[in-house]
Amino acid sequence: MAKWVYSFGDGKAEGGADMRDLLGGKGAGLAEMAQLGLPVPPGFTISTEVCTRFYGHDNTYPDELKDHVAAALDQVARITGRRFGDGDNPLLVSVRSGARASMPGMMDTVLNLGLNDATAKALARRAGDPRFAYDSYRRFITMYSDVVLGIEHHNFEELLDEHKERNGYTLDTDLAADDWMALIKRYKARVEEELGQAFPQDPQEQLWGAIGAVFGSWMSQRAITYRRLHGIPESWGTAVNVQAMVFGNMGNHSATGVAFTRNPSTGEKKLYGEFLINAQGEDVVAGIRTPQEITEAARIESGSDKPSMEMAMPHAFAELTRIYGLLEKHYRDMQDLEFTIEQDKLWMLQTRTGKRTAKAALRIAVELADEGLITREEAVTRIEPGSLDQLLHPTIDPDAERKVIATGLLASPGAASGEIVFSSDEAAKLKADGRKVILVRVETSPEDIHGMHAAEGILTTRGGMTSHAAVVARGMGKPCVSGAGAIRVDYARGTLSVAGQTLKQGDLITVDGSTGQVLAGRVRMIEPELSGEFATLMGWADTVRRLGVRANADTPNDARVAMKFGAEGIGLCRTEHMFFDDDRIQAVREMILADESTTRRDAVAKLLPMQRADFVELFEIMQGRPVTIRLLDPPLHEFLPHGEEEIAEVAAAMGADPKKLADRASELREFNPMLGFRGCRIAIAYPEIAEMQARAIFEAAVEAGERTGIPVVPEVMVPLIATKAEFDIVKACIDAMAKAVAAETGITIDYQVGTMIELPRAALLAGEIAQTAEFFSFGTNDLTQTTFGISRDDAASFLGTYTSRGILAVDPFVSIDQEGVGELVKIGVERGRRTRSDLKVGICGEHGGDPASVAFCHRTALDYVSCSPFRVPIARLAAAQAALGEVAASTA
């Protein structure tokens, strides 16, 4: 018989950490802690298989599930001495989601389940504290109504705010038992008013309603969005954890909190977190009250006047310190803990691998390796390559003027400037229009996920370091300032007010998540300084990777950045990008529009010294490292003059008739320029251009070699080859220029001539082309376009639909299509090397910086990948992880 439910508690468990896929992260953590003998309230986990079956069988449960749940509830009752639904000594439970991948705030939770009019009285009598009992009951009504019944939270907040204002209360803790009892009546009346039926009193009905809501939340829009952003498959499903309640809201000897065993922003090895006295878990993460610090050192550093947990609850703090050390050593990684203190007794509600910034991840991985908890190879695998993007973006220039208008908590590091927006929908809309925005909210909720993704940074007026805004922003690598309590936000008027100053939607601000400051206007930024841990871990990665990493660099600045980030050469220098400057575009237009060779050579002669100087500087910066220069490959329409004024300028410079030039420009315009007169076709039709570029390359190689004393070995790349005959014609032109420069200078340059494989025909005929081509570089941007028959510039209108409907797993311009485009790459490599065994093969499309594509390139035995300079570290790390994954697979 299938097993759907797994129990834990009383020092035993039916699962463990190795059952994460089945029990979800939360369930596996609870089971493991129970087996370790830690104080975990007893409960059970309904497995992810039930979720998968639920959605695969028209939202129905397995027939035997109710019996399994009833048996597990009976076991919890035996351990606790309380019974679910009992009118004298009731067992109350929490119902929480728990997918195998952490999805903070994306799915639903219900606390205090099992309370009704009768059990609330029993709880008040047993606890000797009616206020606590009815506070718990009103929380349950609010949460259950929101999560299960679809009656939004604001319905109850309005009633609570009215009651507090009428009675002169400021905080929820000001309300007495009678206040909560009066509000509960109004809450239940609001439910009946909204729903047309009474709030459910049957605990079994409550339980199955909550279980259904948790499974339902797996397919909520916010969860779907989060999964799409983080690459989490829908098929994984979520587990449901049902656990005996422990209460942090039983007075001043009770509390609830969240802690990390190391700082998730910086990686520093010290207990980090927040707690609230006389509260329940949602109070901490929802940002309704500003939390207190756990350690005394953190309290002093923050300047808080509220007591730390270390001072207010020393025994519970000592126990938490013991447990956090034990769990970090057991899991060999930084842990994210949730706990509740009930009448001075500490209970553990969660342990999971903690989310962290890229900066923190690097420090933690390196320090764990230095401490001997993990190996250096394991440290390399602990960093998500794509997360390094967080480290490679600008921060505020320390010399820039800072007009600080408010200060909050430094919730997620980095800095960003943008226009103020107050809604997530508006943030997404403006992002689509190409505008940069800062999302300003009182507090964020899971419904804000799309706006947070669209924004450059996030600012909230409530919430702490573990609030929804802080956790999600850190995961996204977005700067965030939370808890900026001096700011007042008026959504209706679209304004932000602080210290007598009012800003409106569209005004510019800057948020600095590293200092917690909010600044007026746009502030000057600088490039990041990479940490010592970054260099250490990249060094470890470089020792295990086989795949080389080069950069796509068209300018000296690109080359310098690439060198700084560890590029081993330039894998693609796009020469056409050098021609768009004002002092060059005119000569290029003269060259293209010329209708005879003499005029064209005159225009080319103007470009030769400029092109040569470009290459000299690149060669000098790269200090003998390989530099692959692609011959001119633009669709010619990009250079053509537009309108009568531009045509007249070009005509005057050429001494030509404007009408004749306009006719010539019209002749060159194309219906589909990406598949038109470009690439090697230009070099064949206008050999003067290829000759000039080849001469510039070889003359620059001679000059740079003489200046630096380091020989330059340029790699000249012919674009858009479809036939060997095309390649041979252009190669002959390049070779002739090499001989001419050698004769003129007396210096012979070693060089290679190869081609970009961008067309399916070239991949299929790679064996023939390799007879004369000395290297291949797969231009996967164009190879993807020509394989799919779609234009990258026009595909946005339907690719989103294709990926959301599962037609394509991922945008093929983001991550290489391994089955189609990837198969052509494999064929090209295999056939090319069959002809030329030492054929050097790389990839130079945008895929060169995509971790999944880098892993594919490693498996396909390419020699190198080339990507944008800022993605070089990502490619280095991904290449190392691909090599380590291959080793792990071979030894498994």
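**Entry 1. Helices H26 and H27**

I began with helix H26 (residues 687–708) and helix H27 (residues 724–745), whose axes come within 9 Å and cross at roughly 45°. That angle makes H26 oblique to H27. I noted the classes: angles under 35 degrees count as roughly parallel, over 145 as roughly antiparallel, 65 to 115 as roughly perpendicular, and the rest as oblique. The axes are lines fitted to C-alpha atoms, for helices over the stretch in contact, and the angles run from 0 to 180 degrees between N-to-C directions. Helices (H or I, at least four residues) and strands (E, at least two) are DSSP runs numbered from the N terminus.

The crossing of H26 and H27 is right-handed. A crossing has this hand if the near helix is turned clockwise from the far one by less than a right angle, and is left-handed if anticlockwise.

I then looked up the contact, which means heavy atoms within 4.5 Å. From H26, the contact is made by Pro687, Ala690, Glu691, Ala694, Arg695, Phe698, Glu699 and Val702. From H27, it is made by Cys733, Ile734, Met737, Ala738, Ala740, Val741, Glu744 and Thr745. By class, the residues of this contact are eleven nonpolar, one polar and four charged. Here Ala, Val, Leu, Ile, Met, Phe, Trp, Tyr, Cys and Pro count as nonpolar, Asp, Glu, Lys and Arg as charged, and the others, Gly among them, as polar.

**Entry 2. Source of the values**

I recorded that this is a predicted model, in which local features need pLDDT of at least 70 and side-chain atom pairs count only at pLDDT 80 or more, while totals for chains, interfaces and linings use all residues. Residues are numbered from 1 along each chain as its sequence is written, and side-chain values use heavy atoms, with hydrogens and water left out.

**Entry 3. Helices H3 and H8**

At what angle do the axes of H3 and helix H8 (residues 203–217) cross? I found roughly 115°, with the axes coming within 13 Å. H3 and H8 are therefore roughly perpendicular to each other. H3 passes H8 in a right-handed crossing. Leu65, Lys66, Val69 and Leu73 of H3 make the contact with Gln204, Leu207 and Trp208 of H8. I list five nonpolar, one polar and one charged residues in the contact of H3 with H8.

**Entry 4. The loop between H2 and H3**

Phi of aspartate 58 is near 55°, a positive value in a residue other than glycine. Asparagine 59 lies in the loop between H2 and H3, and its phi is also a positive value, near 55°. Most residues other than glycine have a negative phi.

Are these residues buried or exposed? Aspartate 58 counts as exposed because its relative accessibility is 67%, whereas asparagine 59 is partly exposed at 46%. Buried means under 20% relative accessible area, exposed over 50%, and partly exposed in between (1.4 Å probe, protein chains only).

**Entry 5. Cysteines**

How many disulfides does the structure hold? I found zero disulfides, a disulfide being a pair of cysteine sulfur atoms within 2.5 Å. Cysteine 573 is in no disulfide, and the nearest cysteine sulfur, that of cysteine 844, is 12 Å away. Cysteine 573 counts as buried at 0% relative accessibility.

**Entry 6. Two buried residues**

Serine 47 is found in the loop between strand S3 (43–46) and H2. Serine 47 is buried, with a relative accessible area of 0%. Not counting residues up to four places away in sequence, serine 47 touches Trp4, Tyr6, Leu22, Phe215, Thr238 and Ala239.

Glycine 571 is found in strand S28 (residues 570–574) and is buried, with a relative accessible area of 0%. Beyond residues up to four places away in sequence, I list among the residues that glycine 571 touches Arg550, Met717 and Cys844.

Aspartate 117 is found in helix H4 (residues 117–127) and counts as partly exposed at 33% relative accessibility. Leaving aside neighbours within four places in sequence, I found aspartate 117 in contact with Tyr137, Lys188 and Gln201.

Glutamate 192 lies in helix H7 (residues 177–195) and counts as partly exposed at 44% relative accessibility. With neighbours within four places in sequence left aside, glutamate 192 is in contact with Gln197 and Ala198.
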